[in-house]
Amino acid sequence: MQEKRLYKLKIDEEFQKLIPELTKEESDTLEELLLKEGCREPICVWNDYIIDGHNRYFLCHKNNIPFNFQEVPDLKTKEDVLDWMCANQLGRRNISEKTRMYLIGKRFNLEKKGVQGNNNATGINQYSIKEKIEKSKTSEKLAEEYNVSPVSIYRYARFANAIDNISKKESKLANRILNGQIKFTRADVNNLSNQTEKDLGNINKKLSKHKIGKSSLAKNKLLAKFKQASTIPDYDPDSDVMSLALTIPYWIDSVDRIINKKDINDVSKNAKWKLITELGNLDIKIKEITLIMENSDG
């Protein structure tokens with residue numbers, strides 16, 4: 001490990017956004033600790049980009065406190081780094097519940113990319129059976145690791161996508177949602193992600209005028225006012241298709257539970273034939289909608 005000094009390291013905006021923003025009190029406490037004890041832990045880097053220790057890095061440079069850094073091994077791609085950062089942050093105790101949901105969902109979105117098939121000649125991204133199984137395994141693995149249901153993993157993934165969309169337009173609002181300063185449900189966040197950059201900026205500006213310590217009743221009234229006054233997004237032709245696409249993973253989880261059911265022989269004949277009949281109807285619809293998607297323009 002290198003000697004301690006003020007190294008100049010690189011900052012990647014996408015990496016930095018994964019680090020929860022410190023409150024002023026938390027930043028002051030960390031700064032006081034660094035001034036008293038120095039920077040004891042090395043800054044973690046990948047190709048000279050900081051991937052853990054952003055806050056310490058900035059405070060060390062502010063106060064001329066020397067530090068050292070270390071390269072995290074076995075990280076080959078940017079997706080590998082983001083996945084490592086999510087897992088690393090999830091190992092900490094002081095993250096908010098919304099941040100925890102976001103990081104779990106982000107991990108799923110990153111890891112599922114590794115099992116997606118390439119686009120075919122029609123431009124439709126289709127999964128092979130093997131890829132579907134691997135995607136389901138990803139949700140099951142994360143569900144077991146974080147003690148939630150596989151269905152929750154898919155919900156967190158959608159929440160993570162919504163937060164990322166908000167962050168691109170109004171990063172301060174996204175940070176305030178994640179650190180729990182303002183209370184929005186997952187449904188509220190999904191709706192907010194469809195709002196314009198101007199609308200999100202106005203919402204964040206108005207909410208910023210109210211201190212965190214204000215009564216929850218007052219905050220709820222303020223939020224309700226803006227949720228009612230927020231602009232209804234323009235018609236989105238992708239809406240129904242994306243809604244169906246996000247629902248299908250829940251079906252896959254249900255099918256997997258039946259496939260892995262140990263007492264399947266105890267299921268009544270009537271129930272089995274009912275399922276077989278509906279699966280046949282579903283198979284017909286799958287072929288019908290696949291044909292429509294493949295033959296549509298675009």
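Tutor: A helix axis here is a line fitted to C-alpha atoms over the stretch in contact, and angles run from 0 to 180 degrees between N-to-C directions. Helices (H or I, at least four residues) are DSSP runs numbered from the N terminus. The model is predicted, so local features need pLDDT of at least 70 and side-chain atom pairs pLDDT 80 or more, whereas totals for chains, interfaces and linings use all residues. Residues are numbered from 1 along each chain as its sequence is written, and side-chain values use heavy atoms, without hydrogens or water.

Student: How is α8 oriented relative to α10?

Tutor: Helix α8 covers residues 171-178 and helix α10 covers residues 197-208. Their axes are 9 Å apart, and the packing angle is about 55°. Angles under 35 degrees count as roughly parallel, over 145 as roughly antiparallel, 65 to 115 as roughly perpendicular and the rest as oblique. The α8 and α10 helices are therefore oblique.

Student: Which residues of α10 does α8 meet?

Tutor: Contact requires heavy atoms within 4.5 Å. On the α8 side, K172, L173 and R176 take part. Their partners in α10 are L200, N204, L207 and S208.

Student: How many residues in the contact of α8 with α10 are nonpolar?

Tutor: Ala, Val, Leu, Ile, Met, Phe, Trp, Tyr, Cys and Pro count as nonpolar, Asp, Glu, Lys and Arg as charged, and the others, Gly among them, as polar. In the contact of α8 with α10, 2 residues are polar and 2 are charged. The number of nonpolar residues there is 3.

Student: How does α4 run relative to α5?

Tutor: Helix α4 spans residues 78-90, and helix α5 spans residues 97-112. They pack with axes 9 Å apart, at an angle of about 150°. That angle makes the pair roughly antiparallel.

Student: Which residues of α5 make the contact with α4?

Tutor: From α4, the contact takes in E79, L82, D83, C86, A87, Q89 and L90. By class, the contact has 7 nonpolar, 1 polar and 6 charged residues. The α5 side consists of R100, L103, I104, K106, R107, L110 and E111.

Student: What is the orientation of α5 to α7?

Tutor: Helix α7 is made of residues 150-169. The axes of α5 and α7 come within 7 Å and cross at roughly 100°. The two helices are therefore roughly perpendicular.

Student: How many charged residues does the contact of α5 with α7 have?

Tutor: The α5 side is K98, M101, Y102, I104, G105, K106, F108 and N109. From α7 come I153, Y154, Y156, A157, F159, A160, N161, I163 and D164. Of the residues in this contact, 11 are nonpolar and 3 are polar. The number of charged residues is 3.
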